[in-house]
Amino acid sequence: MEDISLLISGFERTMQKHGALVERLAVEGQKPKFLLVSCMDSRCAPETLLNLELGTAFSHRPMGGFVHAYKEGSELDAKLTFSLLKGVKNIVLIGHTQCGAVAGLSKDVDDPHIKPWLKVANPAKQAALEKVGDADLDTLCREIERQVVILGLKNLLTYPEVSEAVESGALKLHGLFYDMHNKALLRLNTDSRTFEQLAPNENNVKYA
Ligand SMILES: [Zn+2]
């Protein structure tokens, strides 16, 4: 069986299950609540991970979920502007453990096609090195992965459309973190720059 048949059968199941929603979205258009910024990693597809219906979120999935500082006319600049025009009120940046991009950054990967992009997160690597020093590579990667979220939120605020919307109260920025091994979702507290676990919590069922 061709790999592509996996996509066709998946499409058919989606139409069977969500046909009425698809019809409504086709007629009414979209009004997503979120712009989700996360890594291209196949294990972290945010709509699947967060169990979101079609029409709920725009998404931007660069390698590593890295957010570069303001570049006028960049893809991200266009997506941010369009998202705000469509009424998005929350931008959610989602980092994750076991990130291949962060592993590449930690080892100074030399591939000419990849290295220039990984440089975007160099300040996150520097911040992690200052925090964990010469710890083992795994510890360094786990810290870089968290610093990527802190850096990303900071860089989002360099986009004029974002900083203006945040200042006026029309937009909120959020930093989340997916800990894959522990099946946990954490949230960045931007005051303390620490991550607090949201799920599972003691009131939740534990995930088998
Ligand atoms: Zn990743």
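Helices (H or I, at least four residues) and strands (E, at least two) are DSSP runs, numbered from the N terminus.

A word on the model. It is a predicted one, where local features need pLDDT of at least 70, side-chain atom pairs count only at pLDDT 80 or more, and totals for chains, interfaces and linings use all residues. Residues are numbered from 1 along each chain as its sequence is written, and side-chain values use heavy atoms, with hydrogens and water left out.

Four bridges link β4 to β5, and here the strands run antiparallel. Y178 stands opposite L185 in β5. The two strands make a hairpin with four residues between them, and K183 in the turn has a positive phi of about 50°. So what about cover? Six of the eight residues of β4 are buried, where buried means under 20% relative accessible area, exposed over 50%, and partly exposed in between (1.4 Å probe, protein chains only).

Now the whole sheet. It is open, with six strands in the order β2-β1-β3-β4-β5-β6 and mixed pairing. At the edges are β2 (57-60) and β6 (194-199), each with a single partner strand, so one side of each has no neighbour in the sheet. From one strand to the next, the twist averages 30°. Helix α7 (residues 137-156) packs on this sheet, touching β3, β4, β5 (184-189) and β6, and its direction makes about 165° with that of β4. Contact here means heavy atoms within 4.5 Å. Axes are lines fitted to C-alpha atoms, for helices over the stretch in contact, and angles run from 0 to 180 degrees between N-to-C directions.

Helices pack on each other too: α3 (residues 75-85) and α8 (residues 160-167) meet at an angle of about 35°, axes 9 Å apart. D77, L80, T81 and L84 of α3 make the contact with E161, V162 and A165 of α8.

Which residues hold the zinc ion? C39 (SG), H96 (NE2) and C99 (SG) coordinate it, at 2.0 to 2.3 Å. C39 sits in the loop between β1 (34-38) and α2 (46-49) and H96 in strand β3 (residues 90-96), so this pair ties together parts 57 residues apart in sequence. Donors are N, O and S atoms within 2.8 Å of the metal (3.2 Å for Na, K and Ca); water is not among the atoms, so sites may look incomplete. C39 is buried at 4% relative accessibility, and H96 is buried as well, with a relative accessible area of 4%.

Finally, the chain as a whole. The protein chain has eight helices and six strands. Its radius of gyration is 18 Å, close to the 17 Å that the globule rule gives for 208 residues, so the chain is as compact as a globular protein of that length. That radius is taken over C-alpha atoms, and the rule is 2.2 Å times the number of residues to the power 0.38. Buried residues make up 40% of the 208.

Terms used. Pairing = 2+ DSSP bridges.
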